[in-house]
Amino acid sequence: MIGKDIIMARQQYKVGTSINNLLSSGQILLSIILILVDFSNSSITCGPGIYSPGGTIPSGDIFLEYNSSTPLEITCILNPDHDLLRKMVRDDVADGNKSKLPSHRIRFYKNDGRVAQQYITIINSTAAQLRVSNPPASFDVYSCLLCLDENDNSVDLFKTSDMSSINMALRNSINTIGYHPKDSHDLDIGVCLNNVFVGYKPLNITNFSCVSNNWENLTCNWTKPENPIKTTYKIYFRLPGRAFSRSFTNCPTDSDVRENSCYWDLTTTPLYRQSYEYYYFSITGENALGKSSMPIRFHHYANIIPTKPTKIAAIDQTESSVKLVWSIGTMSFYSHGLVYKIQYKSQWDSNPEHWQTIIVNDKCNSQSTSLQTTSVQNMNCVEHDADRHHFTVSGLKYPFARYDFRIYLRTALAGGDNKWSAPGYITVNTKPTIPKRPPQTDIGSFQSITSPSDKSKRDVLVYWKTIEDNEKCGESFEYIAYYVYTTADKLTITRRSDEMYKNYAKFNRLSTSIGYEFIVLSYNKEGYSTECSKVYVPSESNTLDKPLSLTKNVFDKQGIFELTWKGADTQKLSTATSLDYYTLFWCEKDLINSQQCNGYMNWMHLPITVSRYNTTVFDNMEKYIFAISANSENPSRYGLNNLEASSSGMVWESCT
């Protein structure tokens with residue numbers, strides 16, 4: 001609505017129409033709006049198209065260098081020919097206040113706060129100067145305003161009682177040159193304003209970095225320093241060689257100005273130059289205070305980050321090696337040397353975050369590049385045929401195991417872990433082989449149970465410590481147990497166990513008068529373990545006397561036990577010797593028969609003079625039962641004829 005009034009006013013009234021004529025026609029509000037239109041030919045103005053009561057020197061934006069000893073000086077000059085100033089002087093004379101100068105009404109504001117009077121100097125009757133000797137680095141708006149008292153008749157030009165909505169719009173329009181109502185006792189009329197920038201000449205950029213993505217494009221980024229004065233930065237480069245020594249090439253787009261970055265590839269103009277090891281950049285800065293230029297020598301080939309290897313496959317596996325093949329695309333044409341990092345871990349590694357690392361390069365006549373890591377395996381080079389690269393990882397610890405591999409690459413000239421490509425992944429299984437070893441047995445890891453109905457027969461249970469899963473090395477794993485004994489007529493007899501369990505085998509109805517040698521092997525689809533474990537079970541007459549009353553005392557539920565026992569009364573030793581000792585066993589209980597062992601088993605040897613032992617089981621104590629055997633590696637000292645007699649066999653705990 002107000003905009004239409006301004007257009008109508010300009011059409012109805014010619015330049016030079018007096019304020020008095022407008023007032024006499026009753027158009028008081030429209031007259032005030034027309035203050036914003038340039039009616040005067042006076043040289044003291046705030047700017048084109050603004051008919052304010054004066055102006056500032058200097059006018060417009062002000063640029064100062066911080067800490068340069070140049071003060072900020074703004075002189076606000078009132079126009080004595082302005083109608084508002086004339087009326088103000090007439091009113092002062094009419095009131096008898098001839099000593100009050102118009103310049104005394106000048107106020108300066110920094111942003112929304114009034115500048116202290118100590119920085120203001122009255123120059124003459126119509127001019128006052130703001131002077132700040134060393135302004136801080138900042139951007140601020142300084143306004144010069146003319147203060148009208150509430151009782152001043154001039155303020156009536158800005159009041160109306162019957163057109164409040166138009167008056168509000170009028171005040172918003174005056175705000176464009178600095179209308180500031182302060183309180184109920186004064187009214188400030190904007191004279192002029194200045195945008196003041198206190199800052200620096202173009203500063204050098206920071207964090208400059210360029211990265212070539214897979215040797216197909218180049219992106220440079222940098223950080224523009226903070227500066228209250230708007231500064232424009234542009235990037236240029238030249239290439240080495242006589243033809244390019246003086247020729248600088250700019251960024252293909254204006255992204256260097258807008259985004260502090262620049263991008264080149266094989267389609268941009270200018271295009272990305274793959275074949276140059278070095279680029280010579282120049283970053284230029286320009287603002288109202290001056291220009292700067294920052295030269296940068298950029299090592300192109302040390303800042304290429306390849307894409308991850310693709311088409312990874314395993315073409316040859318053994319139980320301890322895997323031959324890997326992969327492709328690297330564009331980087332296969334790069335002739336200045338590549339380095340590969342091959343990492344692997346198996347399903348059996350105790351630390352799932354730990355990877356074994358191999359560092360190799362693609363130059364077979366060069367030594368492998370080293371990398372500082374906790375586990376680095378020095379190997380030969382990567383062989384390649386066109387884009388087909390291959391390398392054999394050997395010395396793998398586990399047959400029949402799942403291995404995860406990841407392959408990285410970088411240029412030989414690059415340094416630091418941040419220049420590796422993303423990894424390419426593959427999972428491979430090593431081939432199976434025979435089990436690594438048989439289960440472990442002890443001299444006393446057997447139990448002989450005489451038949452209650454036939455004293456000439458007994459059942460024999462042979463126990464062992466199971467091997468680790470990573471030692472089974474193949475499918476269809478199992479334990480094989482059998483016995484061997486030689487008859488009086490030199491006939492060798494073998495027989496497999498009648499029953500097999502997790503960690504023991506049971507042989508039914510064996511003779512109590514014969515000593516048997518038991519053999520235990522590990523087996524899978526690839527064959528038997530090359531070694532075996534043996535347990536000799538003597539005849540009943542040659543068996544050592546068993547310890548008595550193995551008792552388990554539980555101190556608390558944290559797995560702390562005290563085990564006590566007694567030696568056999570008939571077992572008399574002249575002296576304690578290392579040839580005589582106990583074996584203390586502990587084993588996981590069977591889930592069905594809690595008095596039977598059928599799981600993890602372990603043991604320890606104790607001197608024959610000991611009859612009490614404290615131990616801690618850090619797992620659930622209710623899972624374990626205990627046993628003990630008395631052993632000797634010199635049974636002849638007990639008057640036994642069978643020199644192979646060696647143990648009493650296991651006696652399980654009788655009381656808790």
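Select D140 and N111 to begin, and you will find their side chains joined by a polar contact of 2.9 Å. Keep in mind throughout that the model is predicted.

Stay on D140, which belongs to strand 8, the run of residues 138–149, and bring up S138 as well, whose side chain makes a polar contact of 2.5 Å with the side chain of D140. To complete the surroundings, display N194, N195 and V196, which D140 touches along with K110 and N111, when residues up to four places away in sequence are not counted.

From here, turn to the cysteines, where the count of disulfides comes to five. Select C76 and C144, which are joined by a disulfide with an S to S distance of 1.7 Å. Looking along this link, you can check its hand, which is left, with -65° about the S-S bond. Because C76 lies in strand 3 (residues 72–78) and C144 in strand 8, the pair ties together parts that are 68 residues apart in sequence. Both ends are buried, C76 with a relative accessible area of 0% and C144 at 1% relative accessibility.

Now move to C210 and C220, a disulfide whose sulfur atoms are 2.0 Å apart. The torsion about the S-S bond of C210 and C220 is about 110°, so this disulfide is right-handed. The pair links distant parts of the chain, with C210 in strand 11 (residues 206–213) and C220 in strand 12 (residues 217–223), ten residues apart. If you colour by accessibility, C210 counts as buried at 2%, and C220 is buried with a relative accessible area of 0%.

Select C251 and C262 next, where a disulfide joins the two residues at an S to S distance of 2.0 Å. Here the torsion about the S-S bond is about 110°, so the disulfide of C251 and C262 is right-handed. C251 lies in the loop between strand 14 (249–250) and helix 6 (255–259), and C262 in strand 15 (residues 261–265), so the pair ties together parts that are eleven residues apart in sequence. C251 is buried, with a relative accessible area of 4%, and C262 is buried as well, at 1%.

Methods. Residues are numbered from 1 along each chain as its sequence is written. This is a predicted model: local features need pLDDT of at least 70, side-chain atom pairs count only at pLDDT 80 or more; totals for chains, interfaces and linings use all residues. Side-chain values use heavy atoms; hydrogens and water are left out. Helices (H or I, at least four residues) and strands (E, at least two) are DSSP runs, numbered from the N terminus. A polar contact is a pair of N or O atoms within 3.5 Å; within protein, one must be able to donate a hydrogen and the other to accept it, and residues adjacent in sequence count only if both atoms are side-chain atoms. Contact means heavy atoms within 4.5 Å. A disulfide is a pair of cysteine sulfur atoms within 2.5 Å. Buried means under 20% relative accessible area, exposed over 50%, partly exposed in between (1.4 Å probe, protein chains only).
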